[in-house]
Amino acid sequence: MNGAFKNELYFPRNRDMIPENPGGSTAGKEPYMNRIVTMVLKNLTIVPGAWFKLCKYAKHTDDYPEIEKYRHIQFILKHAVTGGNVELMVTGQENIPKDGGFMLYANHQGLFDVLAIADTCDRPIGAVLKKELYNIPFLHQIALCTKSFAMDREDVRQSLTVIQNVTAEVRNGRAYLIFPEGTRSRKGNEMLDFHGGSFRCATKSGCPIVPIALVDCFKVLDQPGSKPVSVQIHYLNPITAEEYAGMKPAEVAELVKARIQEKLDECLAEK
């Protein structure tokens with residue numbers, strides 16, 4: 001059982017430790033540094049106060065309402081997006097359930113993905129992150145504020161516990177984001193295989209699934225430079241529990257991937 005579960009949740013090792021970028025060079029420094037510096041410099045007047053407040057929320061997260069913490073995160077992200085010369089083109093926000101628990105599943109293009117989704121999803125969400133990302137400053141504070149979970153790719157028991165915890169949270173009405181590829185594709189707008197184990201949270205909780213198609217998100221922090229860039233975030237029609245009833249997690253994975261691929265093909269055909 002554990003062996004099968006590990007295969008379903010398999011995350012390729014080491015590939016997310018050193019950022020790469022399609023069509024660009026990372027020689028000498030990380031590709032995301034230019035844009036991050038630009039984001040900070042253009043927001044110097046708010047950075048100290050916003051960072052202090054975020055750290056306060058993270059340290060005493062149980063003392064503050066979820067929506068208050070989430071709106072502060074969105075405040076930071078909106079300034080970072082504007083300061084970083086990033087244009088977000090969003091569709092389908094009406095597909096985000098207004099109440100009850102649900103799961104978001106998105107294709108994984110780069111380091112900016114989770115920030116783009118948090119900025120544009122009005123409902124507070126948590127996420128399942130690899131432990132390497134969970135410990136990065138700023139992402140760590142956001143993870144604490146949103147009750148996100150770190151998954152250890154090498155520990156099957158811990159991974160199973162994360163899936164169980166997320167399932168319980170969704171049953172209690174919360175929303176969570178998972179990238180079912182398990183790692184950035186590093187192929188631009190092409191996707192890797194989706195891992196069926198990621199969908200156990202949905203199948204066990206019987207919640208709606210909202211697929212998300214991300215287009216060109218890799219251009220923000222996974223390519224060098226800080227020139228203006230446009231990315232697309234498309235919230236697709238929810239897949240109800242009735243639609244995937246009786247399907248195995250691997251079959252649900254293929255269904256969600258097909259929906260996202262259809263949207264990617266449509267967007268790329270228009271470029």
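**Entry 1: S205**

I began with the side chain of S205, which reaches the backbone oxygen of C201 at 2.7 Å. I call that a polar contact, meaning a pair of N or O atoms within 3.5 Å; within protein, one must be able to donate a hydrogen and the other to accept it, and residues adjacent in sequence count only if both atoms are side-chain atoms. Before going on, I noted that this is a predicted model, where local features need pLDDT of at least 70, side-chain atom pairs count only at pLDDT 80 or more, and totals for chains, interfaces and linings use all residues. Residues are numbered from 1 along each chain as its sequence is written, and side-chain values use heavy atoms, with hydrogens and water left out.

I found S205 in helix α9. Helices (H or I, at least four residues) and strands (E, at least two) are DSSP runs, numbered from the N terminus. Leaving out residues up to four places away in sequence, S205 touches T167, V170 and R171; contact here means heavy atoms within 4.5 Å.

Is S205 buried or exposed? S205 counts as buried because its relative accessibility is 17%. The cut-offs I used are under 20% relative accessible area for buried, over 50% for exposed, and partly exposed in between (1.4 Å probe, protein chains only).

**Entry 2: S185**

Next I looked up S185, in the loop between β5 (175-178) and α9 (200-205). Its side chain reaches the backbone oxygen of E190 at 2.9 Å. With 1% relative accessibility, S185 counts as buried.

**Entry 3: positive phi**

Most residues other than glycine have a negative phi, so I checked for exceptions. Phi of N85 is near 60°, a positive value in a residue other than glycine. N85 sits in the loop between α4 and β1 (86-91), and it counts as partly exposed because its relative accessibility is 22%.

D216 is not a glycine either, yet its phi is positive, about 70°. I located D216 in the loop between β6 (209-215) and α10 (218-221). D216 is buried, at a relative accessible area of 4%.

How much space lies in the largest pocket? I noted about 870 Å³. Of its 31 lining residues, I36, L115, P137, F138 and L139 are the closest to its centre. On a 1 Å grid over the protein atoms alone, a pocket is an open set of points where a 1.4 Å probe fits, with protein on both sides within 12 Å along at least five of seven lines; lining residues have an atom within 4 Å of a point. A volume is the space filled by probe spheres set on the points, which are joined across faces, edges and corners.

Which helix gives the most to this lining? I found that α4 does, with 5 residues. The lining of the largest pocket divides into 25 nonpolar, 2 polar and 4 charged residues. Ala, Val, Leu, Ile, Met, Phe, Trp, Tyr, Cys and Pro count as nonpolar, Asp, Glu, Lys and Arg as charged, and the others, Gly among them, as polar.

The second largest pocket holds about 160 Å³ of space. Of the 14 residues that line it, T61, D62, K69, L144 and K147 are the closest to its centre. The largest share of this lining, 3 residues, comes from α7.

**Entry 4: whole chain**

Finally, I noted 12 helices and 7 strands in the protein chain. Of its 271 residues, 53% count as buried.
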